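Thanks for making time. I will go through one structure, contact by contact, and then stop.

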Amino acid sequence: MQSRVVSHENWLKSRLELLAAEKEFTRQRDALTRRRMAMPWERVEKSYQFEGPNGVLSLADLFDGRSQLIVYHFMFGPDWEEGCKSCSFWADNFNGILIHLNHRDVTFIAVSRAPLAKINAYKMRMSWSFPWVSSHGSDFNFDYHVSFTPEQIAEGKAYYNYGVRPNDVSDEQGISVFCKNESGDVFHTYSCYGRGIDMVNGAYQFLDLVLKGRNEDSFKFSMEWVRRHDQY
């Protein structure tokens, strides 16, 4: 952690130089956001069914009366006993934001292939309040490339993050965005995976501010250190 110790004047000079680079990055990020907003849409042709606390729901139902929907693909396979610890790290950032999203015409929901009973038990254990439904028995997770068949895993040909790659797990994480027009038609507008979902993890953004940063270089994989918040 040791670094140069300088006078305030020299520290301020370095900070202003970094600030210029940060402002340029912010402008680039804003430009990427505009490109993301301008992406073409694809119509969702297939009917999907989900199970929620009050019964069966369609994809259109998940919008809950709003025109924009964000789906967090939470890694929780049908045969798993608990949700992914890395997704749980992300999910700790979700509580408390929903009312703000709702007031910008956005509904947020998590979707997993695990049966609803398992989802509800894990949600209660982790003290989360955000909506979370099951896509068990649906093609939804497969069609949005966050779930993989045993054959795909065995062949090392799982399509994830817009490329074919080996994968040793049945489910991965991601975010998909949808919109619904006044006629009730649903469209897929955006999806991101892997490091693409970093932007919604507030804890990582804070770690990026401190001297040690994420401090993950010595691990076998970057998130090896992460535990569910009741297991530290």
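Leaving aside neighbours within four places in sequence, which residues is Trp 225 in contact with? They are Phe 89, Tyr 204, Leu 207, Glu 216, Phe 219 and Tyr 232, where contact means heavy atoms within 4.5 Å.

Before more of that, the ground rules. This is a predicted model, in which local features need pLDDT of at least 70, side-chain atom pairs count only at pLDDT 80 or more, and totals for chains, interfaces and linings use all residues. Residues are numbered from 1 along each chain as its sequence is written, and side-chain values use heavy atoms, with hydrogens and water left out.

Back to Trp 225, which is found in the segment after helix 8. Helices here are DSSP runs of H or I with at least four residues, strands are runs of E with at least two, and both are numbered from the N terminus. Trp 225 counts as partly exposed, at 24% relative accessibility. On that scale, buried means under 20% relative accessible area, exposed means over 50%, and partly exposed is in between, with a 1.4 Å probe and protein chains only. The C-alpha atoms of Trp 225 and Ser 86 are separated by 9.7 Å, although these residues are 139 apart along the chain.

Next, Asn 201. Its place is in the loop between strand 10 (186–193) and helix 8 (202–207). Is Asn 201 buried or exposed? Asn 201 is buried, at a relative accessible area of 0%. Its side chain reaches the backbone nitrogen of Tyr 204 at 3.1 Å. Not counting residues up to four places away in sequence, Asn 201 touches Phe 89, Trp 90 and Asn 93.

Now the charged pairs. A salt bridge is a side-chain nitrogen of Lys or Arg within 4 Å of a carboxyl oxygen of Asp or Glu, and by this rule the count comes to 15. Glu 82 and Arg 125 form one, with their closest N and O atoms 2.7 Å apart. Glu 82 lies in the loop between strand 4 (68–73) and helix 3, and Arg 125 in helix 5, so the pair ties together parts that are 43 residues apart in sequence. Glu 82 is partly exposed at 26%, and Arg 125 is partly exposed at 33%.

Two other pairs deserve a mention. Glu 22 and Arg 15 meet at 3.0 Å, N to O; Glu 22 is partly exposed at 33%, as is Arg 15 at 29%. Arg 66 and Asp 64 meet at 3.5 Å, N to O, and Asp 64 is exposed, with a relative accessible area of 53%.

That is the end of my tour.

Conventions. A polar contact is a pair of N or O atoms within 3.5 Å; within protein, one must be able to donate a hydrogen and the other to accept it, and residues adjacent in sequence count only if both atoms are side-chain atoms.
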